[in-house]
Amino acid sequence: MLASERHQQILRLLDERGSLRTVDLAQEFSVTDETVRRDLQLLADGHHLTRTHGGATCLNGRPKLQSFAERRGIRVEQKSAIAKAALSLIEPGRTYAFDSSTTSFELVRSLPDLSYRVVTNAYAVIDHLIRLDHVELISTGGRYHQKTQTFVGSDSVSALRRFNINTAFVSCVGLDAKRGASEAFEEQAGFKQVLVDMADDVVLLADSRKLGKCSEYFFGETRCFSRVITDLAADVGILDQLRDCGCEVIIAE
């Protein structure tokens, strides 16, 4: 990879995560720590990021909120594998909830047309499932947030509280074994927190890049997730930490 390509990747990762560590970037790009430090200093000199001890942050210290369309194009193969692994958890006669993550949407795209109920605040989920004959589809309603294609606000949360949800499928921006799952969008984090609290069973769909990371707003402790489904590139040490917290870890192939 050319240095210019690496710089663009670094800036893209900063947009997603808000902050980066030198050691993580060195591992991700298969280069030395010194090479990454030079990259970060060049980008800082060009006023693209802020250098910190051991890494860098966005100029405003916060990740960019990505649109649904932007997120759909990221790590597509991993999301597809995770969705296939989660599909076996779907059966008739139950009530499922899906958040507005693109990983959950990959699962929704594979759902069979059977007799079960789906509760969601995600426009993409509604738009897809409305074509199925046997699925009972319930929208939480609320204020529509265009960029994330999500219905949010107090009306959305109030509607969610009315239902007995057997299993919720959610994703996150980051999953830290000690602190739990986090989101970059505050209102979405609030919705997910209520969903995690209410559902009998919560399945977290998170590709390996999200493990060991934290975002802006936490919505659920690690122990709240009965299962974490991730991909083959997941760090073994982090997976052991998740198991120690009581999570069943499923590796999607």
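Which residues are linked with D99 in a network of salt bridges? I looked this up first in the model, which is predicted. D99 is linked with E183 and K192.

**Entry: the network**

I then checked burial. K192 is buried, and E183 is buried as well.

**Entry: the whole structure**

I ran the search over the whole structure. It finds 13 salt bridges. I picked out further pairs to look at one by one.

**Entry: R6 and D39**

I looked up R6 next. Its side chain meets that of D39 in a salt bridge, with 2.5 Å from N to O. R6 sits in helix α1, residues 3-17, while D39 sits in helix α3, residues 33-45, so this pair ties together parts that are 33 residues apart in sequence. Buried or exposed, I asked of R6 and D39? Both R6 and D39 are buried.

**Entry: R131 and D127**

I turned to R131. The side chains of R131 and D127 form a salt bridge at 3.8 Å, N to O. The cut-off for a salt bridge is within 4 Å, so this pair counts. I looked up accessibility for each partner. R131 has a relative accessible area of 55% and is exposed. Exposed means over 50%, so R131 qualifies. D127 has 33% relative accessibility and counts as partly exposed.

**Entry: burial, side by side**

I set the pairs next to each other. K192 and E183 are buried. R6 and D39 are buried too. R131, in contrast, is exposed, and D127 is partly exposed.

Notes
Residues numbered from 1 in each chain as written. Predicted model: local features only at pLDDT ≥ 70, side-chain atom pairs only at ≥ 80, totals over all residues. Heavy atoms only, no water. Helix = DSSP H or I, 4+ residues; strand = E, 2+ residues; numbered from the N terminus. Buried < 20%, exposed > 50% of the residue type's maximum accessible area, 1.4 Å probe, protein only.
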